[in-house]
Amino acid sequence: MKKIIAANWKNNGSKDFVKKYFSYLDKNLEKSPHKEIIIFPPDIYCSLAEELRKDNPVYLGCQNINININNSTLTGGTTFEMLEDNFLEYILIGHSENRANEEKVSLSLKTKLCETMKIIFCVGEDKSDRDNNLISSKIYSQLDDLIEAYNDSMDVIIAYEPIWAIGTGLTPSLKDISNTHKIIKKYLNQKLPSYKEKDIMVMYGGSVSFDNAKEILTSQFVDGVLIGGASLNVEEFTRICNLQI
Ligand code: 13P
C-alpha cells in the first residue's frame, strides 16, 4: 500500500513562503509511485499553491470547510464548487484544533456533505483520556460520527492525532501507535464491513519530524503521517518525503 505524507500548514504562510516552498519541492522532491504527498495550505493560499504545483506529484487539500448546511447565503463560507475550481482533492475533518467548534451532529453531517472530496478524518484522545485509560472509548465515539455518515462511495482516510502530542515534541511509543491504529482498523471493519480492514488507511500525526518519521512510517498498521510544525520547513518536509521506506 502507498504511504501518505501530508503537510498541515495550519495558519502559517505568505505568498513568498508558498512560492519558495513549491520552487524547492520542484527541484528536490523525488517522484515515487509508492507515496502520496498532500499539502494543506491555508485556504487563502490554495489557488496560488495550485498554480505553482505544476507537474509536481503533490495533492492539495483544504484544512476545514465552512459549509453552508442550509443552502442559504453564508458570509465567510466556501462551497465544494470553489474547492473543485481550485483543483483541491482532500479535506481535513474533525482536526482537534477545529473540533471545539464542531458539534457531534454537525461533524457527521459535514462528513456526509464532504463525500465528493477525499476525506482525512481526524481522531485522537487528550491527556486526561490517556491518563484514565479511555483512549479506545474516546476514539470509538469519534469514529461513530464517521460511521453515521459513511457510505460506500466515500473515500476516507483516518488520521490518529493524540491531542497531547500535537506541537509538544511528545509522541506515543511506536507500540502504542501501532496498537491504536490496529484498533481503529478493527472497529471500522466491524461497524462497516464493506470497508475492508486491509483497505482502511490510518495515518499518525503529532510531533512528527525527520528524526522520528522513518520509524513511525515503517511501524505496523501505519499508512502515513500528518505533519504540522515540521512541514513548515520545506527542507525537512522534503527529506521526510524522500525517505527510502
Ligand atoms: P505537529 O506536527 O506540529 O505536532 O502538528 C500535528 C498536527 O496537528 C497535524 O495536523
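## Strand β4 and its surroundings in a predicted model

Strand β4 and strand β5 (residues 118–123) run parallel to each other and are paired through four bridges.

Across that link, Cys62 has Ile91 of β4 as its bridge partner. The pairings can be set side by side as follows.

| Strand pair | Sense | Bridges |
|---|---|---|
| β4 and β5 | parallel | four |

Where does Asn70 lie? Asn70 belongs to the loop between β3 and α3 (80–85). Is Asn70 buried or exposed? Asn70 counts as exposed because it has 7 C-beta neighbours inside 10 Å, and 12 or fewer is the limit for that class. Between Asn70 and Phe121, which are 51 residues apart along the chain, the C-alpha atoms are separated by 23 Å.

Nonpolar side chains tend to be buried together in soluble globular proteins. In this model the largest nonpolar core has 63 residues, and the ones with the most contacts inside it are Ala6, Ile91, Phe121, Met203 and Val225. One of these, Met203, touches Ile4, Ala6, Ile157, Ala159, Asp223, Gly224, Val225 and Leu226, when residues up to four places away in sequence are left out.

Around the ligand there are 14 residues, of which Asn8, Gly167, Gly205, Gly228 and Gly229 come nearest.

The protein chain as a whole has ten helices and eight strands. Its radius of gyration is 17 Å, close to the 18 Å that the globule rule gives for 245 residues, so the chain is as compact as a globular protein of that length. The C-alpha trace spans about 45 × 45 × 30 Å along its principal axes, and buried residues make up 39% of the 245 residues. Of the contacts with a separation of 6 or more, 70% are between residues 24 or more positions apart.

Definitions and conventions. Residues are numbered from 1 along each chain as its sequence is written. This is a predicted model: local features need pLDDT of at least 70, side-chain atom pairs count only at pLDDT 80 or more; totals for chains, interfaces and linings use all residues. Two strands pair if DSSP finds at least two bridges between them. Helices (H or I, at least four residues) and strands (E, at least two) are DSSP runs, numbered from the N terminus. A residue is buried if 20 or more other C-beta atoms lie within 10 Å of its own, exposed if 12 or fewer, and partly exposed in between; C-beta atoms are placed from the backbone. A nonpolar core is a set of buried Ala, Val, Leu, Ile, Met, Phe, Trp, Tyr and Cys residues joined through C-beta atoms within 7 Å. Two residues are in contact if their C-beta atoms, placed from the backbone, lie within 7 Å. A residue is near a molecule or strand if its C-beta atom, placed from the backbone, lies within 6 Å of it. The radius of gyration is taken over C-alpha atoms; the globule rule is 2.2 Å times the number of residues to the power 0.38.
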